[in-house]
Each structure stands twice: as structure tokens, then as C-alpha cells.
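Here's a quick briefing to read with the model open beside you.

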Amino acid sequence: MVGKTGDFPRGKLHRKALGAPGLRKLVGGGGLPCGCVLLPAPSSSPPLLPLNPGERSVHGPQLNAQLEGWLSQVQSTKRPARAIIAPHAGYTYCGSCAAHAYKQVDPSITRRIFILGPSHHVPLSRCALSSVDIYRTPLYDLRIDQKIYGELWKTGMFERMSLQTDEDEHSIEMHLPYTAKAMESHKDEFTIIPVLVGALSESKEQEFGKLFSKYLAEPSNLFVVSSDFCHWGQRFRYSYYDESQGEIYRSIEHLDKMGMSIIEQLDPVSFSNYLKKYHNTICGRHPIGVLLNAITELQKNGMNMSFSFLNYAQSSQCRNWQDSSVSYAAGALTVH
């Protein structure tokens with residue numbers, strides 16, 4: 001039977017045991033997806049199952065130590081963040097970069113966390129909501145806020161993602177353990193609102209930005225915007241190169257930092273024009289566009305905000321046309 005909360009349809013009971021290879025992607029084995037599991041609400045289902053017998057107890061501490069290590073090396077200079085941009089690749093590649101964003105989260109005031117991730121696997125012209133109630137991570141379970149889901153569903157602007165899409169998509173999944181870690185001191189006091197963002201037109205980015213602006217205005221809400229930056233190389237079919245910058249990886253960095261500077265200006269139109277000109281393969285460009293439009297809406301009402309990038313990294317340094325790399329950036333939005 002399909003359950004309903006706040007008029008939002010939810011899926012059937014689902015339990016999935018994930019093997020160690022998936023979990024290794026979380027704890028340092030590279031790759032993209034991680035070992036998180038989707039489950040419906042415990043009130044309408046049997047007791048929640050472990051990832052696999054003993055796996056939470058084995059892999060949870062290893063992951064926890066890894067996250068603690070990265071966070072301990074970072075300063076909280078932009079706290080409390082109202083929104084962050086952080087990458088979603090394997091933690092081996094971007095875990096240390098993402099820590100710069102998550103260090104700015106203040107768990108003492110954060111009660112709802114909106115996670116906006118781009119759709120990598122399914123064509124989507126709007127945004128989509130999950131059909132489950134709980135995301136299970138190796139650290140602890142994260143509850144989806146069905147009240148907010150109900151409000152969003154009633155707008156008619158959202159689709160429901162299938163369970164398969166939810167499981168396959170890593171752009172939200174990779175933020176779940178970091179969210180759990182950043183909030184662990186108040187782990188029973190917050191909910192999450194995962195939103196899968198499609199290939200939105202500029203007008204749709206404005207519409208969703210306006211919708212989310214009222215939630216961004218609330219000090220107890222945090223927005224996590226999931227995005228990697230330039231995907232460079234033949235396998236990504238992108239090979240922009242400005243020879244004046246020197247080595248290829250320097251050109252990539254210059255290209256990314258042009259875009260990052262525009263994001264810091266909080267100007268959605270300039271960011272859109274930058275993407276049209278350079279076609280930089282920023283996979284979370286639409287979630288970023290939604291955030292920038294939400295900020296623009298609040299600025300019209302006199303709210304003063306600033307965004308600062310705190311870290312930039314590349315998976316490798318490209319020096320010839322056979323190389324490839326993915327860039328990562330972490331930053332935070334603060335309200336003054």
C-alpha cells in the first residue's frame with residue numbers, strides 16, 4: 001500500500017542490504033555512489049535492517065574517523081552558513097574539499113536541511129522529490145521532512161522520483177554522511193528535504209528560486225547545493241584550453257574560478273551567460289542557478305547576504321590531451 005503524508009504519495013516498503021564494495025566508495029575506495037540505504041518510515045514498517053549484518057558497526061567508525069579527520073583540519077570562518085556548495089564525488093577525491101563547506105554548518109540552530117542535487121541518470125525538466133521517508137547512512141538514519149514535502153508537492157511543480165532513480169543518483173547520496181556528521185550533536189533535532197534538480201530552463205530556475213526563497217529566509221534552514229566543477233578530458237567531451245594560462249590544469253582552474261567569482265557576486269544572469277560562453281561542465285549548474293535566484297528574490301526584500309568560496313581542488317593535474325580531471329569547490333553563504 002502506498003502511504004501518504006501531507007498529500008505527498010510515497011512508495012512501498014523497501015529494504016536494501018548493500019555489500020561492502022558500495023561502502024568502500026564511502027570510506028576511501030574511490031568511485032561515486034556511497035553505501036547509504038533508503039527506507040520508509042519505521043511507524044509503518046518492521047524494524048529497520050542494518051546495511052548488512054555487522055556492516056554499520058564495521059564501516060561506520062571508519063567513515064566517522066575519516067570525516068572527523070577532514071573537518072578537524074578546517075576553520076569555521078563563515079559560520080553559521082545559510083547555504084553551502086560542496087562536491088559529490090568519491091570522498092577519496094573530494095572529502096577534504098567538502099569539509100571546508102560543512103565546517104560552516106551550525107548544528108545548534110539548523111533544523112531543516114534542503115539538499116539540492118543535479119540529476120545525472122534520468123531526463124528531468126523539473127525537480128523531483130523522494131518517495132521514501134528515511135535515508136539510512138553508515139552513521140545514523142536521516143528523516144525526510146514530510147511536512148515540507150507536502151508543501152512542495154501541493155505547488156504542482158514537482159515530480160516523484162522512482163526508487164531506482166533515488167538509489168542510482170549519487171549527487172544527493174554523497175552529502176548524506178557529511179550532513180549526518182556535521183549535525184551529530186543534534187542528530188534527533190533535524191530533518192532533511194532532498195530535491196533532485198533537473199535540466200531547468202532559466203525561467204524554471206527563477207520559478208524554483210522564488211519558491212525556495214521563503215525557506216532560505218529562515219535562519220533554522222540550511223541549503224546544501226551539490227555540485228562538482230569542470231569535468232575536463234575526452235571522456236567528458238570537454239577540452240577547453242586557454243594556452244595563456246600555461247599548463248592545462250591551470251587553464252581549468254582559471255575557467256572554474258571565473259565561474260566561482262560570478263557565483264560570489266550572487267548574479268544568476270551573469271552565471272547563466274558564463275555557462276553559455278564557456279560551456280563549463282559544472283554538473284550542479286542548475287541547483288546553483290536555483291540558489292542564486294532564491295538569493296536574488298531575498299535581496300529584493302532587503303536581505304543582505306554574501307557568498308565565499310573556501311577551497312578549490314582537482315582530482316588530478318591535466319598536462320596533455322589524454323588526461324582527465326574533475327574539479328571541486330566548497331563555499332558558504334552567510335546572512336548579515
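**The pocket and the rest**

α11 (285–300) and β14 (325–335) each put at least two residues into the lining of the largest pocket. Helices (H or I, at least four residues) and strands (E, at least two) are DSSP runs, numbered from the N terminus. Keep in mind that this is a predicted model, where local features need pLDDT of at least 70, side-chain atom pairs count only at pLDDT 80 or more, and totals for chains, interfaces and linings use all residues. Residues are numbered from 1 along each chain as its sequence is written, and side-chain values use heavy atoms, with hydrogens and water left out.

- The largest pocket has a volume of about 660 Å³, and of its 29 lining residues, H88, H120, H231, F236 and C283 are the closest to its centre.
- Here's how that is worked out: on a 1 Å grid over the protein atoms alone, a pocket is an open set of points with protein on both sides within 12 Å along at least five of seven lines, a cavity is a set where a 1.4 Å probe fits but cannot get out, and lining residues have an atom within 4 Å of a point.
- Grid points are joined across faces, edges and corners, and a volume is the space filled by probe spheres set on the points.
- By type, the pocket lining splits into 13 nonpolar, twelve polar and four charged residues.
- L116, F212, F223, V290, L291 and A294 line the largest cavity, a lining of six nonpolar, no polar and no charged residues.
- α11 gives the most to that cavity lining, with three residues.

**Overall build and core**

- The protein chain has eleven helices and 14 strands.
- Of its 336 residues, 55% count as buried; buried means under 20% relative accessible area, exposed over 50%, and partly exposed in between (1.4 Å probe, protein chains only).
- Of the chain's contacts with a separation of 6 or more, 82% are between residues 24 or more positions apart, contact meaning heavy atoms within 4.5 Å.
- The largest nonpolar core has 96 residues, and Y102, F158 and F212 have the most contacts inside it.
- A nonpolar core here is a set of buried Ala, Val, Leu, Ile, Met, Phe, Trp, Tyr and Cys residues joined through side-chain atoms within 4.5 Å.
- Beyond its neighbours within four places in sequence, Y102 contacts L71, I84, A86, H175, Y178, T179, A182 and V224.

- Most residues other than glycine have a negative phi, and most peptide bonds are trans.
- The R79 to P80 peptide bond is cis, with omega near 0°, and P80 sits in the loop between α2 (55–72) and β4 (83–86).
- R237 isn't a glycine, yet its phi is positive, near 55°; look for R237 in the loop between β12 (231–232) and α9 (248–264).
- R237 counts as exposed because its relative accessibility is 77%.
- H279 also isn't a glycine and has a positive phi of about 55°, in the loop between α10 (268–278) and α11.
- At 54% relative accessibility, H279 is exposed.

- Y241 is in the loop between β12 and α9 and is partly exposed, at 27% relative accessible area.
- A polar atom of the Y241 side chain lies 2.5 Å from the backbone oxygen of G246; a polar contact is a pair of N or O atoms within 3.5 Å, where within protein one must be able to donate a hydrogen and the other to accept it, and residues adjacent in sequence count only if both atoms are side-chain atoms.
- S171, in helix α6 (residues 170–173), is buried at 0% relative accessible area, and a polar atom of its side chain lies 2.8 Å from the backbone oxygen of P118.
- Leaving out neighbours within four places in sequence, S171 touches H88, G117, P118, H120, L196 and S226.
- T191, in strand β10 (residues 191–197), counts as buried at 11% relative accessibility, and its side chain makes a polar contact of 2.7 Å with that of D145.

Technical notes
Ala, Val, Leu, Ile, Met, Phe, Trp, Tyr, Cys and Pro count as nonpolar, Asp, Glu, Lys and Arg as charged, and the others, Gly among them, as polar.
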